[in-house]
Amino acid sequence: MRIRCVIGSAVALTLAGVGAPAAATDGDGPDPDLTPIYQQKFTWSDCQMLGDALEEIPRDMQCGKVTVPLDYAAPDKGTIELVLNRIPASGKKRGSLLLNFGGPGAPGVARVADRAKEFGDLTKSYDVVGFDPRGVGFSSPATCGDGNDQPSTALDGDENTAADVMDKFTKAYEECKKHSGPVLQHMGTINVSRDLDVMRHILGDKKLNFLGFSYGTRLGAVYTAQFPKNTGRLVLDGVDTLTEPLAESLLVGAQGQQTALDNFVSWCAHNEGCPLGANSRDAKQNIAKLVTTLNAKPVVAGNGQEFTGDDLVLSLREALNGRGNWPYLSQALTSLITDDDPKSLLRISGSLLPPDPDGSGDEGRGGISDVRVPPRAARAEEAVKPPPDDNFGIALTAVNCADDPDRLTIADSQDEAKFERMAREYAEASPIFGPAALFQVRMCAGFPAGTDFVRKIKNVHTPKFLLVGTRGDPATPYRWTVETAKRLGDSAVVLDNKGEGHAAYFSSKCVKQKVDDFLLYGTLVKSGSSCTSEN
């Protein structure tokens with residue numbers, strides 16, 4: 001299995017006079033000199049560097065690259081480049097607003113390009129900036145190669161003991177490290193947060209203004225702990241846990257996703273033309289069979305890209321984040337089942353690769369002609385490579401493992417009873433999402449030890465910022481919002497969205513209005529204020 005589950009006229013910006021770099025608060029010893037990193041010159045230009053890696057780009061979108069150290073403790077040991085893009089402010093600019101779309105492993109550059117119109121209100125005052133975090137998308141993407149030497153979600157069925165399983169995952173990590181290079185060992189949230197501060201500085205902002213979704217809320221919380229004096233207007237939507245071990249949080253996520261899937265298949269079965277069957281029981285059985293069948297015999301998209309059962313699980317997880325996606329998901333499943341066409345499902349997961357160079361395959365999603373333009377060929381000296389199609393999965397695993405001090409270790413391979421108990425718990429939580437979640441937990445055994453920094457975040461001293469929790473969130477339960485707010489202290493203000501779906505900014509007019517009012521005007525709701533499902 002491949003682990004994915006997934007520049008024209010230039011505007012130069014120089015940073016003389018913006019100020020010296022701030023020290024982060026995540027280390028015990030003196031910080032090394034990062035002045036060359038913070039004082040690098042930065043240029044926005046057109047997005048030819050992306051070539052045809054994106055199907056379409058907004059007409060006014062600009063791109064750029066930022067250099068950051070692989071290891072902030074030893075910045076002389078190498079650097080990597082991060083790719084950014086922005087939709088420039090259309091009115092009086094108050095600064096930049098950086099976005100993170102979650103995952104971990106979700107590409108920011110592609111998401112900002114795809115959803116630019118939805119941030120139109122924010123671009124009245126902000127440059128809306130997307131970025132691909134280290135190891136993700138166009139920013140030195142992690143990969144495990146062609147997948148021939150990797151374990152599958154269900155493994156191969158010939159592992160007799162927990163030790164056999166752990167040995168296979170340890171070898172898988174070594175294979176991923178070989179293909180990814182040194183970035184794989186430096187992908188934790190602490191490093192991504194420090195990258196955020198470099199981006200803030202080189203963009204000319206004294207304070208970080210940030211909108212984070214799902215995992216992006218963990219990133220935002222880490223930033224408030226590392227750089228409290230640099231924290232500006234911060235919104236965290238779909239709040240992640242700071243305290244639960246990965247094994248527990250992924251189990252909770254699998255349970256929530258299974259509930260969302262059960263609700264979807266029941267809805268689908270009661271609608272004419274449901275591709276899964278005419279009753280809920282058949283529909284549930286058929287979706288499980290489809291995953292198994294596709295893992296045994298993947299279908300191929302027009303561009304030659306394989307679509308497996310594991311890819312279907314990833315697409316389902318993304319689509320089930322909101323009820324508004326259900327009709328499109330039903331149509332996408334119909335295309336898969338009746339025509340062996342997975343393109344719509346690949347689009348849902350963000351894993352659709354560009355068409356082949358000969359022009360065959362996918363024709364693109366269309367778009368608004370006066371807003372978007374087709375990509376142009378990249379200049380050879382600046383071109384970035386498209387992300388590998390396993391990038392999301394390995395990035396997800398690498399970051400989560402790096403952030404968890406209690407992840408599975410090689411020593412756990414001796415505990416057969418624990419392994420068997422976990423397998424039962426994840427299968428009972430969700431026959432569809434459980435195996436993929438357990439796969440990620442097990443994969444951590446091969447990775448370096450995780451940090452306890454995230455667990456220790458408490459009572460940050462920043463300006464007040466907004467946390468949005470949704471009562472019916474299938475991925476990040478509302479109790480995580482309450483627990484995280486308590487953990488962060490008096491600076492955290494909670495908006496209670498009494499609706500359904502994962503994160504609320506794109507689905508609730510009420511939430512969007514309150515978030516925009518805070519980001520644009522500094523108008524913050526009282527903690528405990530709510531939005532109803534009707535507004």
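Me: Hi! How exposed is Asp406?
Reply: Asp406 is partly exposed, with a relative accessible area of 49%. Here buried means under 20% relative accessible area, exposed over 50%, and partly exposed in between (1.4 Å probe, protein chains only). This is a predicted model, where local features need pLDDT of at least 70, side-chain atom pairs count only at pLDDT 80 or more, and totals for chains, interfaces and linings use all residues. Residues are numbered from 1 along each chain as its sequence is written, and side-chain values use heavy atoms, with hydrogens and water left out.

Me: Thanks! Which side chain does Asp406 meet in a salt bridge?
Reply: That would be Arg455, at 2.6 Å from N to O. A salt bridge is a side-chain nitrogen of Lys or Arg within 4 Å of a carboxyl oxygen of Asp or Glu.

Me: And is Arg455 buried or exposed?
Reply: Arg455 counts as buried, at 16% relative accessibility.

Me: New topic: how many salt bridges does the structure hold?
Reply: There are 22. One of them joins Glu244 to Arg479, with the closest N and O atoms 2.7 Å apart.

Me: Where do Glu244 and Arg479 lie?
Reply: Glu244 is in the loop between β9 (231–237) and α6 (246–269) and Arg479 is in helix α14 (residues 478–488), so the pair ties together parts 235 residues apart in sequence. Helices (H or I, at least four residues) and strands (E, at least two) are DSSP runs, numbered from the N terminus.

Me: Which residues are linked in a network of salt bridges?
Reply: Asp121, Lys124, Lys512 and Asp516 are.
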